[in-house]
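This report goes through a few local features of one protein chain.

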Amino acid sequence: MNNLLELKGQFMHRKNPSAFGPLNLPKGSVVTEEHLHDLKKQLSGVLATWVEDNTLQGALVSVHYKTVIAKSNRIQSLLSNAGKKPNDSVRGAKFVWEDTPEGKVQKHVFTHFVSLDAIRKSIQLLDTVARIVNDDYGGQITESNTKDINSGKYNNKLMSKSAFLRVIADANYVEFFTVDRVLEPIIGESIITIYKTGVDTQVLFSKLGISLTNGKMIDETTLRLNQNEIEILQNNASYLIAMNVVDFSEFLEDENKGLEVKDTAEEYLIPAPQNEPIVGVIDTRFDERVYFHEWVEYEDMLDENIEPVKDDYFHGTAVSSIIVDGPSFNPNLQDNCGRFRVKHFGVAIARGFSSFEILKMIKDIVAKNRDIKVWNLSLGSAMEINPNFMSPESAEIDRIQSEYDVIFVVAGTNKKLIEGDREMRIGAPADSLNSLVVNAVDFNGKKASYTRVGPVLSFFYKPDVSYYGGDGAEKMVVCEPNGIAYVSGTSFAAPWVTRKLAYLIHRMGFSREIAKALIIDSAAGWNRKDDTSYAIGYGIVPKKIEDLLHCRDDEIRFVLKGTIEEYETYTYQLPVPKDQDGHPYFARATLVYFPKSDRNQGVDYTSTEMDIHFGRLQEKDGKASIKSIDKNKQADEGLHILYEENVRKFHRKWDNVKHIGEIIKDRARPRKVYNSGMWGLLIRTKERQEAGAGQGLPFGVVVTLREMNGVNRLDNFIQLCMMHGWIVNEYKPDVLQKVYEKAEEEIDFE
C-alpha cells in the first residue's frame, strides 16, 4: 500500500485577464416591440401598487426569468438607479417550475428592493427602446441586428448604442415583472424571514400592528411569530414574507427494537480517558450512569423548568456511545480510530424541539467551546425541507462553520415507517451545505428503508456520503441508559463518520477542508455514477481509516491546500511521471471549501464559486492552459457556448464540493504528453455579490492517479516533486499517532 502524500509549495495568483466583449443577443433570440410593451405595462402595475402602499418607502419587485440564469445575464439596466447596479438590490432568489410539452422547465426568480424612481426610469427606458425597435427594426430585433449595431450601424438619437443594447439584453432574458406574495395560509407558530428593505424590523412591524421584542428575533430579518401575528402579516403585507417554516419540529426517533438490558459496566471494560481528542455532540440529554461516563463531559442546556423524563436520555446517550467506544460493541465496524472524549450538550427532548430555541443555543455553545473542531448533530426534523430556501437551522450552522473554522457532521434524517415507499426529502438541518451530511445504508450497502433524499435548493448535492446505520433485522449496537440496545437510523450512521473526521483533523493534523475532501473522495472512488436519487450521496465511506490514508500500490494520492487571493489560483508544476508512450494514468480529484452564505438570497445561497480545472498542461503561442480531465471549458479562451443549467449539472457550478474523475477502462492508452510534460491545477473564483468576498478563503484538494499497467511510480513521483520545488510529506499513521500522543502528554515540573 502507498501512503498518502501532502505537497507543499507556492500557488500562483492572477487577476481576471479577460474583459466582456460586445453585447449581442444569443443565437436564435428575438426581442419584439410587443414584449417590451408588456414589460412596461407590468412595471407600471408594480409602480401603481407601491404608490398606493407606502409602508416600505420603496418597492419590492420580482423579476421572473425565462430559464435558470447566469449572473452575467441578470438585468443590468432595468431597475438600476442612482449609480447602483440591479444586482445590489437583490433581496432573494427562488426557482419556479413550468409544465411544458417537453417536461418541467426550471426558471429563476429574483426579488429586488428598489426606489420608485428606479421603476419610473425603467418604464421610460422600455418605452424608448420599444419605439426604436418599431421604427428602425420593423418591430423585432435579432442576433444579427445586434451584431450590426456593434459594428457601427446605429445612429438613433433617442438613446446611446450601449444603453439600447443593455435594455434589449435585459428584455431578452426577463419573462415578466410582478409583486410576489405568499398567499397560502401559514398554520401554527412559525419562523418567518422577511425581505431586507432598510426599515427597522420592529418599526416596520409596529406599523402593521405587531409588537416585536428582541427575544422573538434571530436576526434583523428572521423572527418567530404566533398564529395571530402571522395572520396580521399575511392580511396586510404578504409581500414581505420571503420564507417560513413551522417552529416546533417533531423529533423523529430512530427505530429502536429488540432492546436488551445488560450490565454494561461488567461486559465492557474501558480505561480512564487521557488526552484523546474531544468531539462535540449536540443532542438530547445524556445519562451519566453509563459505563463510559468518565469519557463524556455533559452540560444540560434545557430550561430547568422542563422536567426530564426517561425517553429524553436514550438518543443522545446512544450517539455518544458510538463516538466514544463504538467498535467495542460493533466489531464488524472496527475503524481503527481509537476512542474519543465527548463534550455533550443536551438541547432537545424526545417529544420535539423548538428550532428557534436550538438556534440560539447552538450559537452560544460553539462560541464558548472554540477548542472543539468537530461537532456531531444527529437531531433532525420530520418535516421536509423547502426546495427554494435553506432552513434557519442549517443557515445558522453554515454561518458558524464559516466564522469559527469548525465542521459539523449531520445525520440525513429518517422517514417515518408510515411513509412507506414514498420518496421524502431530507429534513433540517440535513440541508446544511458546509456540513458533512450522512445518510444510512444497510450492512449490504443498499440504501436503508428509512432513507430520505436531496437535493437541497433544487440543486446542491446532499447528502454528501452514506455509512452503515442498520436496517431490518440487522441492527446497530449502541449503549443506552438501560444497557445494550439494537437500533437503526441515520443518527447512528453519522457518528461513525464523525469519528473518522475527528481522527483526520486531530490525529493526522489535516485542515477541515482536506479532511472533508478525503471522506468524500474515498466514498466516491473510481467510476462513480451520479446518484440521481440523491439518497446515498457520493458513496459509502470505507470502514477502516487506513483506506483513507493509503492507496493501492499502483496509485498515487496526494493533497494540496491553499487560499484564494485573486480570480485565478494555480500551479503548473505537477510533475506526473511518464513512460515511453505518455502519461499512463487515470485521474480523479475532489475540491472542498467552506463559502460564506446568505439565507436571504434564497436559492443563490452561496457567495463564492470555485471552479476546478485539473489535468495535463498545454502550451501554445506562449500561453499555458489545462486540458481538464472532466472537459471543463468554463472561462477558457475561445468561443464556448455554455448554458447555466449545464454547467451546474455537469461541473457543479456554485456547489462547495467538486468531484471530477475519469472512467477506468480495460484497454486504455497512455495520455499524450504535451510540451513540458507537466500537469496543472487551476481554480477560478466567482462572486455572487460583493467583489473579493472570497479572498483568503481556504480550499483543499485530494488527487488520485492510477497507473494503467499496475506499476508503482510513487518514489519517482516524490523525487520529481522535490526536484520541482515541492516539499513532500508522507503520511504514516502509526508515526503520526505516536507524535500526537507525545505532544498531548502532560509534563510534571517538579
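## Helix α3

In helix α3 (residues 143-150), the residues Asn-145, Thr-146 and Ile-149 are buried. Around the axis they cover an arc of only 95°, so they lie on the same side of α3. The model is a predicted one.

Among the elements that cover the buried residues of α3 are α2 (116-137), β8 (140-142) and α4 (161-173). Just after α3, Gly-152 has a positive phi of about 115°.

## Helices α9 and α10

Two packed helices are described by the angle between their axes and the distance between the axes. For helix α9 (residues 355-368) and helix α10 (residues 392-404), the angle is about 10° and the axes are 10 Å apart. An angle under 35 degrees counts as roughly parallel, and α9 is therefore roughly parallel to α10.

On the α9 side, the contact involves Ser-355, Leu-359, Ile-362, Lys-363, Val-366 and Ala-367. These meet Pro-392, Glu-393, Glu-396, Arg-399, Ile-400 and Tyr-404 in α10. By type, the residues of this contact are 7 nonpolar, 1 polar and 4 charged.

Strand β23 (residues 476-480) is mostly covered, with 5 of its 5 residues buried. In a regular strand the side chains alternate between the two faces of the sheet. Here both faces of β23 are covered: Met-476, Val-478 and Glu-480 are buried on one side, and Val-477 and Cys-479 on the other.

β23 runs antiparallel to strand β24 (residues 483-488), and 5 bridges join the two.

Conventions: Residues are numbered from 1 along each chain as its sequence is written. This is a predicted model: local features need pLDDT of at least 70, side-chain atom pairs count only at pLDDT 80 or more; totals for chains, interfaces and linings use all residues. Side-chain values use heavy atoms; hydrogens and water are left out. Buried means under 20% relative accessible area, exposed over 50%, partly exposed in between (1.4 Å probe, protein chains only). Helices (H or I, at least four residues) and strands (E, at least two) are DSSP runs, numbered from the N terminus. Two strands pair if DSSP finds at least two bridges between them. Axes are lines fitted to C-alpha atoms, for helices over the stretch in contact, and angles run from 0 to 180 degrees between N-to-C directions. Angles under 35 degrees count as roughly parallel, over 145 as roughly antiparallel, 65 to 115 as roughly perpendicular and the rest as oblique. Contact means heavy atoms within 4.5 Å. Ala, Val, Leu, Ile, Met, Phe, Trp, Tyr, Cys and Pro count as nonpolar, Asp, Glu, Lys and Arg as charged, and the others, Gly among them, as polar. The arc is that of the directions from the helix axis to the C-beta atoms.
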